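Welcome! Take a moment to look over the sequence and the model, and then let's work through a few questions together.

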Amino acid sequence: MRSIDDFTRPLEYISPMDGLLGSIFREWVEKEVIPYRRQFDEDYREHHLIHPPFKKLLGEYGLQRMIFPEDLGGWGMGRSNYMCVAAFRMFEEIARADSGMALAFGALFWPFLFIALEPHENRRLLEEFAPMFCETTEPVFAALCMTEPQGGSDIENVEIVKGTTIQTTAVKDGDEWVINGHKLWPSNTGGLAKLMAVVCTTNPGSDDPRDIAVIFVKDDMPGVTQGPPYEKAGMAADMNSDIWFENVRVPLWYRAIGPGDDAKYFGEVMATGNMGIIAWISGAMMNIYERLSEYTSRKRYRGKPLKEDDGVAGLLADFAANIENIRIVGYQCARMCDRHDLYGPLWHPRLVAKMRAQRYLAMDRFIDVTGRVMNLMEAYGTDRDWDVEKHWRDLKILQLVEGSKQLCQIEVARWFYECETL
Amino acid sequence: MNAMEIIPFPRKRLDKADLDLAATLQALVEKEIMDKRLELKEDYEQLLAPSFARIMSEIGLQKMFWPEEHGGEGHNGPDAAYTVVAALEQIGRADTGLAFLAAHSLALQAALAQEGARREETCAAFASLFCSGDRPVRVSFILPALTEEEGAPEWRGKGFQVVAAPSGNAWKVSGRMVRPTCCGLDADLFGAWCAVADGDPAFILVPGDTPGIARGTELKKTGLAASRNADLERLEATVPDANCAWRGNEGTFRLLSWYYLGVAATASGALLANYEIIREWGDNRVIKGKDHIFKDNPLTAAVMGEVAKDTSVVRLLAYELAGMLSEAGEYGGDGSQALYTMALMLAHQACASAEHAINRTMELMASAGYAKEWQLERYWRDVKAMQCHLGAYELAKHDFARWFYDTVTL
Ligand SMILES: Cc1cc2nc3c(=O)[nH]c(=O)nc-3n(C[C@H](O)[C@H](O)[C@H](O)COP(=O)(O)OP(=O)(O)OC[C@H]3O[C@@H](n4cnc5c(N)ncnc54)[C@H](O)[C@@H]3O)c2cc1C
C-alpha cells in the first residue's frame, strides 16, 4: 500500500541523521500527538494536552538542546551544515500531526539563530543560556519578540523601513540596557517563554540599521509581563500573547551580536523561517493525503469508490503533484540554507528572497488545493474528525507570519528586478 | 457611504416592504449580534439561539411564504425571491450560520407554499408549526451524499441516505448514520429526500420529535456555530401520509433552487461584512513606515479592489438568481433541471468567490485577520463550511455538464 514515504525526498543530500530522526519523530507523533490533536483547539489557553507531548520531545528526548554546542550540553546543530535539511525532516514529521506544534518547536530556536551560528556565535550568551535548556528534562520555551501593535511587516522589512517604526526602546544605562515596549504575537508566549530575544531600537525613528538591537530578556526579570493567550482560527498549539517590557534591565552583553549585525543576521531568521514554513506545509499535506486516500477509498460515487471517478482523480492527482513539488522544492531550499559555500550567506537578501518566493508559492498552492479537497469531502471536509479542516485552519497563518504574502512578493520583486523603491 | 449602499444591488427590483424588512433586520442584527459578539463570541445559547428566535419568529421570516389562511404572511409570489436575498444578506452579514439556517426554512417554505406550486395538504399539516406560537423552527435537510454503503440507491450519482416505504396511511422512513445539512442536534423538522423501492423518490417531512430518531453527539466542525449538527445514528420513523410533500424530481429541484438562492445570498452577506472590515483596516492601517495609508499602497489596494469586485459580483449574482426564480418560465421553468443547474452553478460561484475574497482579506490583515477578536476569520470558516455543504464542486461540475452538453453516460 502506498504511504507518505512514497513521496520523493532528495536522497542525494538528506542528513546522515535523517533515518533516526525520522523514526523518532514519527513514533512520537503517532503515540503522543495524533491521538489527542482533535482536542487541541479547546486547549489553546491551558495546554493541558499540548504540554505533555512537548515535555517528552523537548525535555525528555532533549530536542530543545539541539542548537547548542556539544561542549555546553547541546547537540551542536548550530554548527552543522545539515542543520536545515535535518530540521526540514523534523518539521515535516511534526506538522503532519500538528503544524501549531511545529511552529512552536521551530520558533523556540529563532532567538538562538542570532547567537549559535557561525560566524557570529556568541559564546558568552550561549554559556549563559545553555544550562536553562540543556540541564533539565522539563520543556523550556523561547520566543522572538518582533511584532508590535503598529505592525510586524514593517519591522521584518528591514531593507526598506530600516527599523524606523520600532517602538520598543533599549536605552543604555551604565552597564545595562533598559527596555520599554509592547510586543504582540510572539510564538511561545502567553506565559510559556522563559527566554526572549527582543527586537528593539536604540534610537527611535532612526533609519540606521546599527540602531536595531536584538536583546535577550529572561521572563523572570522585573518588568516583563506576558498576557493571556489569544484565541485564533487555529494553531492552538502555538501560544501567542501580548508582552510588555517596563523598565526591564539586562546586562549590556545580552545584546545578540552588535550594531549592524543584529539587523543583518535578522535575515537568517527570515531565510530559515520561510524554509521551515515549506516543511510545515509539506508535512500537513502528507497527512491530508493520508486522510484523503482513506476518504476517497471508503466513500462511493456512482457505484465505485470515489477515487475511481475520473473527474475526482483529477483533483487527487493535483493534490499529490503539489506534495511532490512542494516537498522537493522545500528540501532544496533547506539545502540552500545549509550550503553557504554554494549559495552564499544565509542572511543575504538574495537567499531570503528565494526562500520567500518558494514559501509564498507553496502556501498559495496549499490554500487552493486543500480548499478543493475539503470541498470534495462535502460536509465531512468540515469535520474535526477527518483532520483536513484542522490543517486548513492551522496553516492559513503560515501565509502571514515570517513576512506576509505581499511582503514576500515585494521582496522577491525587489531582488529579481532590482527595484529600488518597493 | 456604508457597505449596503456602495456595493451595487438592483434596488429598483425590491419593493418598499423588502427594503423595510432589510432595514429592520440590519438594525436588529447590528444590535443583537454584531455589538455583542466581541464579548459573546460564537456562544450558541447566549448569542446565536436567541438571535435566531428573534429573526425567525419575532421578525417573522418563518411565516413568510405560508398562505394567509394558514396564519402565514402569504408572501409567496414571484417577487418573494428578492425578499429572501434582501433578508438573508442582512443576516449573513452578521452571522453566516444563522443565515444558513434561515435559508433552509425559507427554501422549504418556498417549495411547499410557492404560488402556483402549493402543496395544499402538506401546507395544511405544517403551516401552524411555523405560524403559531413564538418558537423558532429549525429546518434541516437530508440529501443524497457520498455513502459507504455498497449498492445504495442513487440520485445523480450519490447515495440516498434514507429510504422510505409506504405503509397504510403512513410512510416508514429509515436510515443509519445519516448526515443532515445542518442543525442535526436540535432540528425541529427534517426534510428527507428518500429512495422508494418501487417508484419515484419521495420528499418526506419528519418532525424532530418523531419516535425513532437517535441523534449522535454534536459534531466539532470548521464553522457555522449557529448550526449545531449531529449525525442521526438511527432513523426509524413513521410519519403520516401528508408528510410526503412530493414525489419525483420537480419538487426537489424547486427546493434546492431556493436553497441555493439562500446560500448565494448568505455568501453575499458574509462578503458585505468582509468588505466593511477590510475597508476600516484600509483606512486606518499604516504600512511601509510612516504616513503610507494601507489603501493607498498599490499592491494592497489591488487586492482590496479585487475583494470589492468579488463582493459586488456575488451580490449581483444573488439578486440575479432571485430574478431567475421569480421569472422561472424564462429559464426553463419552475422546478426544472435547467433552473436547478443554474442555481447550483451560481451558489457554487458565490461561495467560491466569497472564500477567495475573504481568504485574500485575511492576507491583508495578517495576524489581525487570524485572531478571533477581529471577527474576520469566522466568516472565512463559515463560508468554507457552507460551501462544503453545497456538495463537492468536482461532482457539481458533472451536473453542469449533464445539462449543458446533453451527456449520455455521465
Ligand atoms: C500564529 C502566529 C505566530 C506568530 N509568531 C510570531 C513570533 O514568533 N514573533 C513575532 O514577533 N511575531 C509573530 N507573529 C506575528 C507576525 O509576525 C505578524 O503577524 C506579521 O509580521 C505581520 O504583521 P502584522 O500582523 O502586524 O500585520 P501588518 O504588518 O500590519 O501587515 C498587514 C498586511 O499589510 C500588507 N503589507 C505590509 N507591509 C507591506 C509592504 N511593504 N508592501 C505591501 N504590503 C504590505 C500585507 O498584506 C500584510 O499582510 C505571529 C503571528 C501569528 C498569527
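Q: Which helix supplies the largest share of the lining of the second largest pocket?
A: Bear in mind that this model is predicted. Three helices each supply at least two residues of this lining: α12 (388-395) of chain A, and α3 (37-40) and α11 (377-389) of chain B. The largest share is three residues, and the helix that gives them is α11(B).

Q: How are α9(B) and α10(B) oriented to each other?
A: In chain B, the axes of helix α9 (residues 298-326) and helix α10 (residues 337-370) come within 9 Å and cross at roughly 160°. Angles over 145 degrees count as roughly antiparallel. The two helices, α9(B) and α10(B), are therefore roughly antiparallel.

Q: How many nonpolar residues are in the contact of α9(B) with α10(B)?
A: Residues on both helices make this contact, including B:Val303 and B:Leu317 of α9(B) and B:Leu346 and B:Ala350 of α10(B). Five of the contact residues are polar and three are charged, and the nonpolar ones number 15.

Q: At what angle do the axes of α3 and α9 of chain A cross?
A: Helix α3 covers residues 83-97 and helix α9 covers residues 310-338 of chain A. Their axes come within 7 Å, and the crossing angle is roughly 145°.

Technical notes
Residues numbered from 1 in each chain as written. Chains lettered and ligands numbered in written order. Predicted model: local features only at pLDDT ≥ 70, side-chain atom pairs only at ≥ 80, totals over all residues. Heavy atoms only, no water. Axes fitted to C-alpha atoms, helices over the stretch in contact; angles between N-to-C directions. Helix = DSSP H or I, 4+ residues; strand = E, 2+ residues; numbered from the N terminus. Parallel < 35°, antiparallel > 145°, perpendicular 65-115°, else oblique. Contact = heavy atoms within 4.5 Å. Nonpolar A, V, L, I, M, F, W, Y, C, P; charged D, E, K, R; others polar.
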